[in-house]
Amino acid sequence: MKKIVIAMTMIVCQSGIAVAADTQDRTAASRAVVKSFMQELKGELQQAMKAGGPTNAIEVCKTKAPKIAADHSNKQGWRVARTSLKVRNPGNAPDAWERKVLKSFEARKAKGEHITKMEHTEVVTQNGKQTFRYMKAIPTGQVCVNCHGAKIDAATEAKLKQVYPTDKARGFSVGDIRGAFTISQPM
Ligand code: HEC
């Protein structure tokens with residue numbers, strides 16, 4: 001009996017180690033995708049801002065951001081997206097799990113944690129299937145407040161109103177959590 005218990009314990013422990021290694025791999029892969037998503041989007045945004053200011057760059061955020069997300073999703077077979085507690089595009093609204101994590105990010109920030117490396121990973125059961133989920137906080141930088149800040153110039157404001165009538169992604173200051181990258185990997 002004792003032997004069986006020891007053997008069982010060993011199996012459980014080893015599978016625990018395997019799960020931990022798998023989680024590490026999935027976290028590293030998520031980080032890599034987020035990094036390239038961020039770099040691609042930043043490049044597109046900077047170019048568009050240079051070419052025609054924020055009014056022009058709205059189009060880039062509207063078309064390129066979802067396209068980059070979709071490309072990464074298709075390539076990996078995952079869901080790769082951006083979300084926020086205050087969304088501009090209602091299509092980016094968080095699900096219940098994402099909302100909970102976004103709120104926990106705000107709580108962590110309030111306790112003094114830096115947001116540049118803030119992330120959360122969890123294995124959850126979704127529709128009866130195990131899914132690895134990853135989120136990484138997105139800080140608000142100087143360029144972001146052109147379109148997400150408290151004061152937005154009149155032409156940009158008019159264009160935003162036209163394209164995003166239900167826009168809530170306003171009033172952010174530099175250093176705020178603007179939102180998060182979010183990844184779901186089926187296991
Ligand atoms: C030129 C205007 C503009 C600038 C500058 C800008 N954004 Fe946005 N942002 C948008 C638009 C437009 C959307 C909606 C995109 C869509 O339809 O999916 C958006 C959406 C987002 C979203 C997805 C959640 C939501 O609100 O729908 C995040 C996160 C975000 N922006 C973060 C940032 C960050 C961080 C910066 C600075 C690095 C930034 N944005 C700079 C216009 C801008």
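Biologist: Is Lys 136 buried or exposed, and which side chain of opposite charge is nearest?

Modeller: This is a predicted model, by the way. In it, Lys 136 is buried. The nearest side chain of opposite charge is Glu 119, 6.1 Å away.

Biologist: Okay, and why is that not a salt bridge?

Modeller: The cut-off is 4 Å between a side-chain nitrogen of Lys or Arg and a carboxyl oxygen of Asp or Glu. Glu 119 is 6.1 Å away, so Lys 136 has no salt bridge.

Biologist: What does a polar atom of the Lys 136 side chain lie 2.7 Å from, then?

Modeller: The backbone oxygen of Thr 116.

Biologist: Where is Lys 136 found, and which residues does it touch?

Modeller: Lys 136 is in strand β3, which covers residues 129–139. Leaving out residues up to four places away in sequence, Lys 136 touches several others, including Val 34, Phe 105, Met 118 and Phe 181. Thr 116 and Glu 119 are also among them.

Biologist: Switching to the ligand. Which protein residue is a donor to its iron atom?

Modeller: His 148 is the single donor from the protein, through NE2, 2.1 Å from the iron. You'll find His 148 in helix α3, residues 145–148. A polar side-chain atom of His 148 also lies 2.9 Å from a nitrogen atom of the ligand.

Biologist: How many residues surround the ligand?

Modeller: There are 21, and the closest are Cys 144, Cys 147, His 148, Tyr 164 and Arg 178.

Biologist: And what about oxygen atoms of the ligand: which polar atoms are 2.7 Å or 2.9 Å away?

Modeller: A polar backbone atom of Arg 88 is 2.7 Å from a ligand oxygen. For Asn 89, an N or O atom in the side chain is 2.9 Å from an oxygen atom of the ligand.

Terms used:
Residues numbered from 1 in each chain as written. Predicted model: local features only at pLDDT ≥ 70, side-chain atom pairs only at ≥ 80, totals over all residues. Heavy atoms only, no water. Donors = N, O, S within 2.8 Å, 3.2 Å for Na, K, Ca; no water. Helix = DSSP H or I, 4+ residues; strand = E, 2+ residues; numbered from the N terminus. Buried < 20%, exposed > 50% of the residue type's maximum accessible area, 1.4 Å probe, protein only. Lys, Arg positive; Asp, Glu negative; His and termini not counted. Polar contact = N/O pair within 3.5 Å; in protein donor to acceptor, adjacent residues only side chain to side chain. Contact = heavy atoms within 4.5 Å. Near = heavy atom within 4 Å.
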